[in-house]
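Hello,

Here is the structure I said I would pass on. My notes on it follow below.

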Amino acid sequence: MMDFFTSSTFQTVLSALNSGFLKTLQLFFITLLGALPLGLIISFGSMSRFLPLRWVTRTFVWIIRGTPLVLQIIALFYVPGMKDWFNWPSGESGRMIAVCVAFIINYACYFSEIYRGGIQGVPKGQQEAGQVLGMTKLQIFRHITLLQMIKRIVPPMSNEVITLVKDTSLARVIALQEVIWMGESFMKGNSGIAGLVWPLFFTAVYYLIFSGVVTVLLGKLEKKMEFFQ
Amino acid sequence: MKRIASLLLVLAMMLALAACGNTTNNNGGSANNGGAGNNVSDNAGGEGGDTAESDLQYVKDKGTLVVGITYFAPMDYKAEGSEEWIGFDADMAKAFAESLGVSVEFQEITWDYKVEELNSKAIDCVWNGMTLSDDVMAAMGTSTPYCTNYQTLVYAADKAADFEGLTSLEGLNIAVESGSAGEDAAEALGATTVPVQAQANALMEVSAGTSDAAVIDVLMAAEMTGEGTSYDDLVYSLNLNDTQGLESEEYGVGFRQGSDLVDAFNTFWAEKVADGTVLETATTYGLQDAVILD
């Protein structure tokens, strides 16, 4: 058994999976960085009192939530070039950028609905109390609504974030070489090794460890929010 | 009421947009075909006028030839511990790029999307032991064939007796790569096909017992089964092209439809056959019997 873990095959597979997992992590964090703020903007749009804006936003959210992410990735990557609108940068970086854009838009739409639920869940009386104290709309949002909203949205957000960990594997449809792609590559051949199935199943270890870490961190965040009770 | 009305309006708008999409699609298609026609006649006339449409010029201006590949020994692969793409196709692609005066870039792609990769200009050619099937030739501008191949049947070694000397696959569940030449062969022989994403997945089907056998390229079967692989319990035999009474299959390079890179490639290839480079490179990778030299 120990022989196996020190064998050069295991080392080669491990370093390939590591490089794939780095791409997975990159995609994960860029998506969160982009989608968390964008989702808030979209949620304002879908709560706007300006009717056309509200309808446009909600239709957009409907389209994005109503179609598979994998389809959005394929369309976003291939259609611009086929229509001669623009070309994504050549090589791996272009694929990464396209996939990040698709993920950010998709996840922002899901986040926006969670934000909306969190904001609308704060009792109206609290905003009215703010108005009585002479606070501006922005002050009410920052000091009264926002923090209570954050507390409310942590559990549903944790759900989405853990789904995101695993959804990153969809990126391989346009040949982004994330960890599942790397695992699969040893079936057909990679670095002179061919016909191995176990690297594919071994990628589960990466996902389990990472989602474990994310779960613990989000649990801590939830604990921190308890003083709002 | 107001809400229902606006919802209907939104739906109508979306349908209208979708319809627009379709028409532009058609226009795009015919424009491309027109371009293809122009290119062909330009090339036939020797001097071309319409350089804006020239794919060769596009690649030269860009300075890189992006070659779409999948990992496929001995065509495009990496030696253990090396990051450099080598193989018969990879080496010749490097030489072709050099002859055009551009650098070469290898891009791994998902095989199902090779046509979309080409048309969206994410890659400039597919050069990966690609069988010149009717579908491929309809969707791409293809080179003259440069190598021969045949489809073979892969099955579990302990069931070898059931498969040897078979002339029909009727009543068997055969795993094949979706859209591959193997799929056509299995269907022609009366098999019930199980289309999967890649030839590697087809082998996983056989190994797991979820399919009776798989039909894949013989070059790949040699690489992926036997000693030192996860499939040392699988064996392959039968030349299915013989069984069907068909000619052997041929490999070619795929470019965008109507691209003038096809002619550039064919000229380049004829030169390299004449000066012996093709045979020499093929011999390096054990393909001296498969490569086409006339």
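**Findings, starting with the chain B sheet**

A156(B) has L234(B) in β12(B) as its bridge partner. Please keep in mind that this is a predicted model. The pair belongs to the contact between β8 (residues 151–156) and β12 of chain B, two antiparallel strands joined by four bridges.

Helix α7 (residues 181–188) of chain B packs on the sheet, where it touches β8, β9 (173–177), β10 and β11 (213–217) of chain B. The direction of α7 makes about 155 degrees with that of β9(B). Another helix of chain B, α8 (residues 199–208), lies across β8, β9, β10, β11 and β12 of that chain. Its angle to β11(B) is about 155 degrees.

As for the sheet itself, it is open and has five strands in the order β10-β9-β11-β8-β12 (chain B), with mixed pairing. At the edges stand β10 (192–196) and β12 (234–237) of chain B; each has a single partner strand, so one side of each is left without a neighbour in the sheet. From one strand to the next, the twist averages 30 degrees.

Elsewhere in chain B, strand β5 (residues 125–131) is mostly covered, with seven of its seven residues buried. β5(B) is joined to β1(B) by two bridges, and these strands run parallel. Here V67(B) has C125(B) in β5(B) as its bridge partner. β5(B) also pairs with strand β13 (residues 249–255) of chain B, in the antiparallel sense and over four bridges. In that pairing, M130(B) stands opposite G252(B) of β13(B).

Now to chain A. The C-alpha trace of chain A spans about 70 × 50 × 25 Å along its principal axes. Of the 229 residues in chain A, 32% are buried. Among contacts in chain A with a separation of 6 or more, 74% are between residues 24 or more positions apart.

Finally, the interface: 32 residues of chain B are in contact with 27 residues of chain A. On the chain B side, at least two residues each come from α1 (2–44), β1 (64–69), β2 (77–78), β4 (103–108), α4 (114–119), α8 and α9 (218–224). By class, that side has 13 nonpolar, twelve polar and seven charged residues.

Regards

How values were computed:
Residues numbered from 1 in each chain as written. Chains lettered and ligands numbered in written order. Predicted model: local features only at pLDDT ≥ 70, side-chain atom pairs only at ≥ 80, totals over all residues. Buried ≥ 20, exposed ≤ 12 C-beta atoms within 10 Å, placed from the backbone. Contact = placed C-beta atoms within 7 Å. Pairing = 2+ DSSP bridges. Axes fitted to C-alpha atoms, helices over the stretch in contact; angles between N-to-C directions. Nonpolar A, V, L, I, M, F, W, Y, C, P; charged D, E, K, R; others polar.
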